Amino acid sequence: MGMNFVYVKSGCFIMGCEGNNPNCYMDEKPPVKKCVKGFWISETEVPLKLWWQFVKSTHYRPAKKDLWGCEDTAKPMFKQTPEDPVVCISWLDAQAFINWLREKTKLPIDLPTEIQWEYACKKGKSETVPANYWSGFGGRSQNDPFRYTSPVKALPPNKLGLYGMMGNVWEMMKEKGLIKGCGWESKRKLLRCSVKMRVSPERSYDTIGFRLVINQPSP
Ligand SMILES: [Ca+2]
(Lines give C-alpha, C1' and ligand atoms only; values in the text may rest on other atoms or scores of the structure.)
Protein backbone atom coordinates (compact mmCIF):
# COMPACT_ATOMS: atom_id res chain seq x y z
CA MET A 1 0.00 0.00 0.00
CA GLY A 2 3.03 2.25 -0.15
CA MET A 3 3.68 2.33 3.58
CA ASN A 4 5.79 0.09 5.79
CA PHE A 5 4.68 -1.21 9.16
CA VAL A 6 6.76 -2.06 12.22
CA TYR A 7 5.70 -4.80 14.62
CA VAL A 8 5.45 -3.66 18.22
CA LYS A 9 5.65 -6.64 20.60
CA SER A 10 3.21 -7.03 23.48
CA GLY A 11 4.25 -5.62 26.82
CA CYS A 12 3.39 -3.35 29.71
CA PHE A 13 4.33 0.26 30.36
CA ILE A 14 3.49 3.25 32.49
CA MET A 15 0.99 5.45 30.70
CA GLY A 16 0.78 9.14 31.58
CA CYS A 17 3.26 11.61 32.97
CA GLU A 18 5.87 10.08 35.24
CA GLY A 19 8.08 11.84 37.76
CA ASN A 20 7.71 15.43 38.83
CA ASN A 21 7.72 17.14 35.45
CA PRO A 22 6.12 20.54 36.21
CA ASN A 23 5.02 20.86 32.56
CA CYS A 24 2.63 17.92 32.79
CA TYR A 25 -1.11 18.57 32.57
CA MET A 26 -3.81 17.10 34.80
CA ASP A 27 -5.02 14.79 32.04
CA GLU A 28 -1.59 13.12 31.93
CA LYS A 29 -1.89 12.13 35.59
CA PRO A 30 -1.86 9.89 37.50
CA PRO A 31 0.53 7.52 35.69
CA VAL A 32 -1.06 4.05 35.32
CA LYS A 33 0.36 0.68 34.32
CA LYS A 34 -1.13 -0.60 31.03
CA CYS A 35 -0.50 -3.76 29.03
CA VAL A 36 -0.80 -3.99 25.27
CA LYS A 37 -1.10 -6.85 22.78
CA GLY A 38 1.35 -6.84 19.86
CA PHE A 39 0.32 -4.80 16.82
CA TRP A 40 1.72 -3.26 13.63
CA ILE A 41 2.14 0.48 13.32
CA SER A 42 3.07 2.51 10.25
CA GLU A 43 6.64 3.69 10.06
CA THR A 44 5.47 7.18 9.18
CA GLU A 45 2.52 9.51 9.19
CA VAL A 46 0.26 8.93 6.15
CA PRO A 47 1.92 10.83 3.28
CA LEU A 48 0.02 13.16 1.00
CA LYS A 49 0.69 10.93 -2.02
CA LEU A 50 -1.30 8.09 -0.44
CA TRP A 51 -4.18 10.45 0.30
CA TRP A 52 -4.19 11.46 -3.36
CA GLN A 53 -4.43 7.79 -4.40
CA PHE A 54 -7.48 7.45 -2.17
CA VAL A 55 -9.14 10.57 -3.58
CA LYS A 56 -8.34 9.53 -7.14
CA SER A 57 -9.82 6.06 -6.81
CA THR A 58 -12.88 6.97 -4.74
CA HIS A 59 -13.57 10.59 -5.82
CA TYR A 60 -13.95 11.26 -2.13
CA ARG A 61 -15.65 14.47 -1.11
CA PRO A 62 -15.82 15.38 2.59
CA ALA A 63 -19.33 15.53 4.03
CA LYS A 64 -18.55 18.86 5.60
CA LYS A 65 -15.79 21.41 5.18
CA ASP A 66 -14.77 23.10 8.39
CA LEU A 67 -11.25 24.23 7.69
CA TRP A 68 -8.71 25.71 10.13
CA GLY A 69 -5.61 27.14 8.49
CA CYS A 70 -6.46 25.29 5.30
CA GLU A 71 -7.22 26.37 1.77
CA ASP A 72 -9.17 23.19 1.11
CA THR A 73 -9.38 19.56 2.19
CA ALA A 74 -5.82 18.13 2.29
CA LYS A 75 -4.52 21.54 1.20
CA PRO A 76 -2.89 23.77 3.81
CA MET A 77 -1.90 27.39 3.13
CA PHE A 78 1.77 26.34 2.95
CA LYS A 79 3.47 24.22 0.30
CA GLN A 80 3.90 20.49 0.80
CA THR A 81 5.72 17.76 -1.11
CA PRO A 82 3.96 14.42 -1.87
CA GLU A 83 6.13 12.95 0.92
CA ASP A 84 4.82 15.38 3.53
CA PRO A 85 2.08 14.11 5.86
CA VAL A 86 -1.49 14.79 4.78
CA VAL A 87 -3.08 17.54 6.90
CA CYS A 88 -6.31 19.52 6.60
CA ILE A 89 -8.47 16.44 6.86
CA SER A 90 -10.87 15.70 9.70
CA TRP A 91 -11.16 12.60 11.84
CA LEU A 92 -14.21 11.70 9.75
CA ASP A 93 -12.19 12.03 6.53
CA ALA A 94 -9.55 9.74 8.06
CA GLN A 95 -12.28 7.13 8.69
CA ALA A 96 -13.24 7.20 5.01
CA PHE A 97 -9.59 6.74 4.04
CA ILE A 98 -9.23 3.80 6.44
CA ASN A 99 -12.38 2.13 5.12
CA TRP A 100 -10.98 2.37 1.59
CA LEU A 101 -7.64 0.89 2.65
CA ARG A 102 -9.32 -1.92 4.62
CA GLU A 103 -11.42 -2.80 1.60
CA LYS A 104 -8.38 -2.71 -0.68
CA THR A 105 -5.99 -4.70 1.53
CA LYS A 106 -8.43 -6.88 3.52
CA LEU A 107 -6.37 -6.00 6.60
CA PRO A 108 -7.69 -4.86 10.02
CA ILE A 109 -6.32 -1.34 9.57
CA ASP A 110 -7.30 1.38 12.03
CA LEU A 111 -6.12 4.47 13.83
CA PRO A 112 -3.98 3.63 16.88
CA THR A 113 -5.70 3.71 20.24
CA GLU A 114 -4.19 6.14 22.71
CA ILE A 115 -2.64 3.23 24.62
CA GLN A 116 -1.08 1.70 21.51
CA TRP A 117 0.31 5.03 20.38
CA GLU A 118 1.77 6.04 23.74
CA TYR A 119 3.28 2.57 24.18
CA ALA A 120 5.00 2.78 20.76
CA CYS A 121 6.12 6.32 21.55
CA LYS A 122 7.65 5.44 24.92
CA LYS A 123 9.08 2.07 23.89
CA GLY A 124 10.77 3.79 20.95
CA LYS A 125 12.18 6.55 23.21
CA SER A 126 10.72 9.08 20.80
CA GLU A 127 11.38 12.01 23.10
CA THR A 128 15.14 11.75 22.53
CA VAL A 129 14.90 11.91 18.72
CA PRO A 130 15.16 15.28 16.89
CA ALA A 131 11.68 16.54 16.02
CA ASN A 132 9.99 19.07 13.77
CA TYR A 133 8.35 21.42 16.27
CA TRP A 134 7.88 25.16 16.67
CA SER A 135 11.23 26.75 16.12
CA GLY A 136 10.54 30.40 16.75
CA PHE A 137 9.04 33.16 14.66
CA GLY A 138 11.83 32.81 12.13
CA GLY A 139 10.48 29.30 11.68
CA ARG A 140 13.82 27.55 11.54
CA SER A 141 16.44 26.34 13.98
CA GLN A 142 19.61 24.36 13.65
CA ASN A 143 17.95 21.15 14.76
CA ASP A 144 14.82 21.65 12.72
CA PRO A 145 15.15 23.33 9.32
CA PHE A 146 11.40 23.09 8.63
CA ARG A 147 8.98 25.92 9.05
CA TYR A 148 5.81 23.88 8.50
CA THR A 149 5.46 20.14 7.83
CA SER A 150 8.48 18.16 6.65
CA PRO A 151 8.67 15.01 4.53
CA VAL A 152 7.68 12.09 6.77
CA LYS A 153 11.21 10.64 6.85
CA ALA A 154 13.11 13.92 7.06
CA LEU A 155 14.41 13.31 10.59
CA PRO A 156 15.82 10.13 12.16
CA PRO A 157 13.41 7.46 13.48
CA ASN A 158 12.93 6.42 17.09
CA LYS A 159 14.37 3.19 18.55
CA LEU A 160 11.53 1.15 17.04
CA GLY A 161 12.16 2.61 13.58
CA LEU A 162 9.14 4.93 13.69
CA TYR A 163 9.48 8.38 12.14
CA GLY A 164 7.87 11.58 13.35
CA MET A 165 6.20 10.23 16.50
CA MET A 166 7.12 13.54 18.13
CA GLY A 167 6.29 16.57 16.08
CA ASN A 168 5.74 17.22 12.37
CA VAL A 169 1.97 16.68 12.67
CA TRP A 170 -0.27 15.78 15.56
CA GLU A 171 -1.75 12.31 15.07
CA MET A 172 -5.36 11.27 15.37
CA MET A 173 -6.29 8.49 17.77
CA LYS A 174 -9.07 5.94 17.37
CA GLU A 175 -10.77 7.77 20.25
CA LYS A 176 -12.79 10.38 18.37
CA GLY A 177 -11.20 13.84 18.44
CA LEU A 178 -8.17 12.81 20.49
CA ILE A 179 -4.72 13.73 19.14
CA LYS A 180 -1.18 13.02 20.32
CA GLY A 181 2.45 13.61 19.48
CA CYS A 182 2.57 17.39 18.82
CA GLY A 183 3.09 19.17 15.54
CA TRP A 184 5.25 21.68 13.71
CA GLU A 185 3.61 24.49 15.69
CA SER A 186 4.08 22.90 19.16
CA LYS A 187 6.36 24.39 21.78
CA ARG A 188 9.32 22.35 23.00
CA LYS A 189 7.82 21.92 26.48
CA LEU A 190 4.89 19.95 25.02
CA LEU A 191 6.99 17.25 23.39
CA ARG A 192 6.02 14.26 25.53
CA CYS A 193 4.50 10.88 24.69
CA SER A 194 1.78 11.48 27.28
CA VAL A 195 0.61 14.87 25.94
CA LYS A 196 -2.85 14.83 24.37
CA MET A 197 -5.38 17.31 23.05
CA ARG A 198 -9.00 17.16 22.01
CA VAL A 199 -10.28 18.68 18.78
CA SER A 200 -13.48 18.55 16.77
CA PRO A 201 -13.71 15.30 14.76
CA GLU A 202 -15.49 17.22 12.00
CA ARG A 203 -12.93 19.97 11.63
CA SER A 204 -9.76 19.95 9.51
CA TYR A 205 -6.54 21.50 10.84
CA ASP A 206 -3.22 22.28 9.19
CA THR A 207 -1.32 20.72 12.10
CA ILE A 208 -3.06 17.33 12.32
CA GLY A 209 -2.55 14.14 10.33
CA PHE A 210 -2.53 10.46 11.24
CA ARG A 211 -0.69 7.16 11.12
CA LEU A 212 -2.12 3.67 10.92
CA VAL A 213 -2.06 0.41 12.84
CA ILE A 214 -2.85 -3.13 11.74
CA ASN A 215 -4.39 -5.04 14.61
CA GLN A 216 -2.94 -8.39 13.78
CA PRO A 217 -0.38 -10.56 15.61
CA SER A 218 3.08 -11.14 14.15
CA PRO A 219 3.12 -13.88 11.43
CA1 LIG B 1 3.83 13.14 14.31
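A residue counts as buried if 20 or more other C-beta atoms lie within 10 Å of its own, as exposed if 12 or fewer do, and as partly exposed in between; the C-beta atoms are placed from the backbone. This structure is a predicted model, in which local features need pLDDT of at least 70 and side-chain atom pairs count only at pLDDT 80 or more, while totals for chains, interfaces and linings use all residues. Residues are numbered from 1 along each chain as its sequence is written.

**Stop 1: the sheet**

Helices (H or I, at least four residues) and strands (E, at least two) are DSSP runs, numbered from the N terminus. Select strand S4, residues 39-42. Phe39 and Ile41 point one way from S4, Trp40 and Ser42 point the other way, and all are buried. In a regular strand, side chains alternate between the two faces of the sheet.

Two strands pair if DSSP finds at least two bridges between them. Which strands pair with S4? Val6 has Ile41 of S4 as its bridge partner.

Next, select strand S8, residues 109-110. S8 and S14 run antiparallel and are joined by two bridges, and Asp110 stands opposite Val213 in S14. The four strands form an open sheet with the order S1-S4-S14-S8 and antiparallel pairing. S1 and S8 stand at the edges with a single partner strand each, so one side of each has no neighbour in the sheet.

**Stop 2: a helix across the sheet**

Select helix H3, residues 114-123, which lies across S1, S4 and S14. H3 runs at about 90° to S1. Axes are lines fitted to C-alpha atoms, for helices over the stretch in contact, and angles run from 0 to 180 degrees between N-to-C directions. Two residues are in contact if their C-beta atoms, placed from the backbone, lie within 7 Å.

Move on to Lys125, in the loop between H3 and strand S9 (170-172). Lys125 is not a glycine, yet its phi is positive, about 50°. Lys125 counts as partly exposed because it has 13 C-beta neighbours inside 10 Å.

**Stop 3: helix H2**

Select H2, residues 91-105. Which residues of H2 are buried? They are Trp91, Asp93, Ala94, Phe97 and Leu101. These residues cover an arc of only 150° around the axis, which puts them on the same side of H2. The arc is that of the directions from the helix axis to the C-beta atoms. What covers them includes helix H1 (48-58), S8 and S9.

Just after H2 comes Lys106, with a positive phi of about 60°. Lys106 lies in the loop between H2 and S8. With 7 other C-beta atoms within 10 Å, Lys106 is exposed.

**Stop 4: the loops on either side of S3**

Select Pro30, in the loop between strand S2 (11-15) and S3. The peptide bond from Lys29 to Pro30 is cis, with omega near -5°. Most peptide bonds are trans, and most residues other than glycine have a negative phi.

End at Lys37, in the loop between S3 (32-36) and S4. Is Lys37 buried or exposed? Lys37 is exposed, because 11 other C-beta atoms lie within 10 Å. Show Ser10 as well: the C-alpha atoms of Lys37 and Ser10 are separated by 4.4 Å, although the two residues are 27 residues apart along the chain.
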